[in-house]
Amino acid sequence: MKNTNSAKLLAVLLVLCMLLMAACTQEPELPAETTYKVAITDANGAPYTTGVVVRFLKDGQQAAMQVVNEQGVAEKTLATGAYTVELQFTGDANDYYYDSTNLKLTADKPELTVTLAARVGEAVPLLYGENGVTTYAHGVGVGSTYVELEDGRNYFLFTPQTPGMYRFTTTDDTAVIGYYGAPHFVQSMSAAEVVDNSFSLSIRASMIGTNGTGTTVVVVGIDKGENDNCMLNIVRTGDPEHSIEDEPWFVYEAKTELKPYTLPQGAAFGEFDLTKEYNLVYNEADGFYHMDSADGPLVLVRLGKDSKYLASFKTILENSGVVKYFFDEDGNFLKKESYSECLLKYIENMDADNGVYPLTEDLKYIIQQRGDHSGWFDPMNSLYLFKDVNGVEIPDINPETSWLFMCCYIAD
């Protein structure tokens, strides 16, 4: 009797275990609704915050749509199920690229990240050709750009809009990226140090055009590797490297009260012999330099007429400017000084027929500073002025008076 009861008890326990096991293996009941989330980023993970609409499709039919928010995310609570994701754009869809395969959402996988890239701009010819064949380049911008690659080197043009340090890289490790100069001078070798298939460039403020001037255009080259396409990524990583080109100018102001100057009628010019010494005397009464004494022959500066050695300051100003950079004895930058504005005022007041104005403290300083900056008086500099037509140095030039090359005087 006892054995019979034990057998019945074991049978009951076995049935209960089987029922419990069956219950444990049943699929958990899914919630009626699930919140689905789609993030839109570029290849560097930066979000696209505007211009993108996410469509949630179920069985090929649109179940919902949502514009991305400030974090680049479209979030929607829908009936639990499987959905396919497609993107729409408020702008031209041809400007964007993304891989539309396998963009699936399920209850087990309710979140998805889609990498979005721009497409390249229209091809433009470069002033460069290999073996006589015209080379073309496509425009690209900051962020990720989907590029299709042909055999050999492919060129792309980046026109920066903001100063900064920029990093250039590709998503294809087998493709080789490089920096090849500017459209008017495409270099055959990369001009940047490429590390881990990326390089960085410092884009200074002076390289970005304002007031109608041109902006520096960067030529990026990609040598095709194993793949027919990849992403070209351009990221601003920080502020540009410090450059004296972006330092503000100190504008030199005229210390002399300027008045229109007219050369005395019948006056003749005397020329300085730059191998000799001269005694110039500053006359505080008229504010000009004279020869030998305060009442001696008046010294003049050629502002509108070329000297024997160099074009007039008026011509120089029309083509560039008259400036100097100052450094300390250790080579550290101190300041930039511009004399162009001051010279323009002198030119406005010079004798128009002869292009001269009396030598003042201003003009003496400007000639000496500009000459020192340009290397005009340094025999070891390529811009040394005192050479004959064959490029042979003129002997015995006096370094103390060589700055008088722009000057003459009123002869008796």
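Modeller: We shall go from the whole chain to single elements.

Modeller: This is a predicted model, in which local features need pLDDT of at least 70 and side-chain atom pairs count only at pLDDT 80 or more, while totals for chains, interfaces and linings use all residues. Residues are numbered from 1 along each chain as its sequence is written, and side-chain values use heavy atoms, with hydrogens and water left out.

Colleague: What does the secondary structure of the protein come to?

Modeller: Helices (H or I, at least four residues) and strands (E, at least two) are DSSP runs, numbered from the N terminus. Here there are four helices and 29 strands.

Colleague: What radius of gyration does the protein have, and what would a compact globule of 412 residues have?

Modeller: The radius is taken over C-alpha atoms, and the globule rule is 2.2 Å times the number of residues to the power 0.38. A compact globule of 412 residues would come near 22 Å, but this protein has 38 Å. Its C-alpha trace spans about 155 × 50 × 45 Å along the principal axes.

Colleague: How many of the 412 residues count as buried?

Modeller: Buried means under 20% relative accessible area, exposed over 50%, and partly exposed in between (1.4 Å probe, protein chains only). By that rule, 40% of the residues are buried.

Colleague: In what order do the four strands of the open sheet lie?

Modeller: Two strands pair if DSSP finds at least two bridges between them. The order is β3-β2-β5-β7, with antiparallel pairing. At the edges, β3 (61-67) and β7 (104-105) each pair on one side only. Strand β2 (residues 52-58) is joined to β3 by six bridges, and valine 53 has valine 67 of β3 as its bridge partner.

Colleague: Which strand does β26 pair with, and in what sense?

Modeller: Five bridges link β26 to β27 (residues 333-338) in the antiparallel sense; valine 323 is partnered by serine 338 of β27. Five residues lie between the strands of this hairpin, where glycine 331 takes a positive phi near 85 degrees. Strand β26 (residues 323-327) is mostly covered, with four of its five residues buried.

Colleague: Which residues of helix α3 are buried?

Modeller: An α-helix has 3.6 residues a turn, so residues three or four places apart point the same way. In α3 (residues 340-349), the buried residues are Ser340, Cys342, Leu343, Tyr346, Ile347 and Asn349.

Colleague: What covers the buried residues of α3?

Modeller: Contact means heavy atoms within 4.5 Å. The cover includes α2 (313-319), β27, β28 (356-358) and α4 (361-374).
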